[in-house]
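Please have a look at the fold before reading on.

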Amino acid sequence: MKIDLRSDTVTKPSKQMLEAIMNAEVGDDVYKEDPSVNKLEESIATMFGKEKALFFPSGSMANQAAIKLHTQPGEQLIADQYAHVYNYEGGGVSFNSGVSCKLINGHRGMITADQVEASINPPDFYHSPLTSLVCIENTTNKGGGACYDFDDIKKIRKVCNDHNLGYHLDGARLWNALVAKQENAKQYGEMFDTISVCLSKGLGAPLGSVLIGDAKIMDDAIRVRKILGGGMRQVGFMAAAGLYAIENHIERLNDDHARAKEIGQVLNTLPFITGVEPIDTNIIIFTIEGDEQEFIAKMEAKGVYFYGMGQGKLRFVTHLDYTQEQHEYFLDLLVSYNTRKAVQTI
Ligand SMILES: Cc1ncc(COP(=O)(O)O)c(C=O)c1O
């Protein structure tokens with residue numbers, strides 16, 4: 001059995017999703033004539049109570065477009081040191097927008113209003129870059145799927161209002177936070193100027209992200225998407241996958257979260273596991289005694305694939321294609337490692 005716990009992006013479209021793709025009505029989306037894309041954008045804008053939404057090929061492009069919309073070259077954004085926009089978007093912040101990042105040493109990828117306030121450069125001190133944007137991530141990726149407390153999100157909003165800063169949410173896995181915390185999309189729509197959400201992570205679509213915002217800022221988003229090379233033609237096939245995903249795959253994220261917690265419980269009983277970070281959603285970050293690469297290789301030999309994250313941390317991610325059967329096999333495998341006491345003896 002092959003069990004792929006590297007990421008929730010490894011899923012393949014189900015038969016039903018493929019049917020939705022095959023039956024999609026399409027048109028040229030560069031002319032805004034693709035009915036499936038238009039429907040997806042309208043549905044997501046309505047879901048978040050915002051005026052507009054725009055389909056993007058990837059989460060990185062949606063975030064990069066948002067940063068471009070909120071900033072001018074030479075300015076600075078504030079983000080956590082683990083932020084995807086800073087670490088994993090190829091330096092796009094500086095390449096695309098000419099913007100620098102003030103990084104905050106947050107908690108599990110999350111930052112507080114006080115930290116944001118303390119990171120704002122005084123606007124009249126012309127030696128420093130002008131602070132113009134705050135980007136937060138919910139759930140956090142490198143922070144181990146952690147979810148913000150909504151009150152903390154509100155407090156950062158107030159700081160943004162007080163200092164005239166844009167407020168962008170990298171919501172690649174916002175769906176996970178919504179089900180884990182029993183929150184709704186509209187409350188997020190009220191709080192942020194722009195939000196990017198991914199359809200290709202926990203929701204299982206082959207590609208696609210959506211950037212959501214009010215008309216004023218989103219009117220320019222289509223031009224920025226064009227500049228970034230993101231104008232797409234008959235992409236309604238992919239929007240249909242996204243529509244299928246939001247209709248059918250949001251609530252079931254609870255299953256991924258429950259399985260992640262069970263994996264965490266088992267890890268906590270194993271003698272060679274030295275720490276398991278709190279598990280809020282579908283990401284499990286842990287540390288082991290001894291050689292991580294050897295552990296990864298030995299697990300691979302048993303059909304289980306996952307990544308090391310550097311600094312001694314290892315990560316499992318549960319997802320739509322991680323079935324109950326795989327889960328039971330995997331938990332048994334972990335427990336049998338336990339009975340052998342040390343990984344070296346596997
Ligand atoms: C938090 C976060 N933001 C943005 C992205 C970017 O998404 P994409 O891979 O579609 O560019 C990812 C991808 O894993 C992510 O984890």
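This is a predicted model: local features need pLDDT of at least 70, side-chain atom pairs count only at pLDDT 80 or more; totals for chains, interfaces and linings use all residues.

Residues are numbered from 1 along each chain as its sequence is written, and side-chain values use heavy atoms, with hydrogens and water left out.

**The chain as a whole**

The chain has 15 helices and 13 strands; these are DSSP runs numbered from the N terminus, with helices (H or I) of at least four residues and strands (E) of at least two. Its radius of gyration, 21 Å, is close to the 20 Å of the globule rule for 346 residues, so the chain is as compact as a globular protein of that length. That radius is taken over C-alpha atoms, and the rule is 2.2 Å times the number of residues to the power 0.38. The C-alpha trace spans about 60 × 55 × 35 Å along its principal axes. Of the 346 residues, 55% are buried (under 20% relative accessible area, 1.4 Å probe, protein chains only).

Two packed helices are described by the angle between their axes and the distance between the axes. Here the axes are lines fitted to C-alpha atoms over the stretch in contact, and angles run from 0 to 180 degrees between N-to-C directions.

| Helix pair | Crossing angle | Axis distance |
|---|---|---|
| α1 (residues 15–22) and α12 (residues 236–248) | roughly 135° | within 8 Å |
| α2 (residues 35–48) and α12 | roughly 35° | within 8 Å |
| α8 (residues 174–181) and α13 (residues 253–267) | about 80° | 9 Å |

The angle makes α8 and α13 roughly perpendicular to each other (65 to 115 degrees; under 35 is roughly parallel, over 145 roughly antiparallel and the rest oblique). In this pair, W175, N176, V179 and A180 of α8 meet L253, N254 and H257 of α13, where contact means heavy atoms within 4.5 Å. These residues divide into 4 nonpolar, 3 polar and no charged (Ala, Val, Leu, Ile, Met, Phe, Trp, Tyr, Cys and Pro count as nonpolar, Asp, Glu, Lys and Arg as charged, and the others, Gly among them, as polar).

Helix α12 takes part in the other two pairs. Q16, M17, A20 and I21 of α1 touch α12 residues including F237, M238 and Y244.

By class, the α2 contact has 8 nonpolar, 4 polar and 1 charged residues.

Technical notes. Buried means under 20% relative accessible area, exposed over 50%, partly exposed in between (1.4 Å probe, protein chains only).
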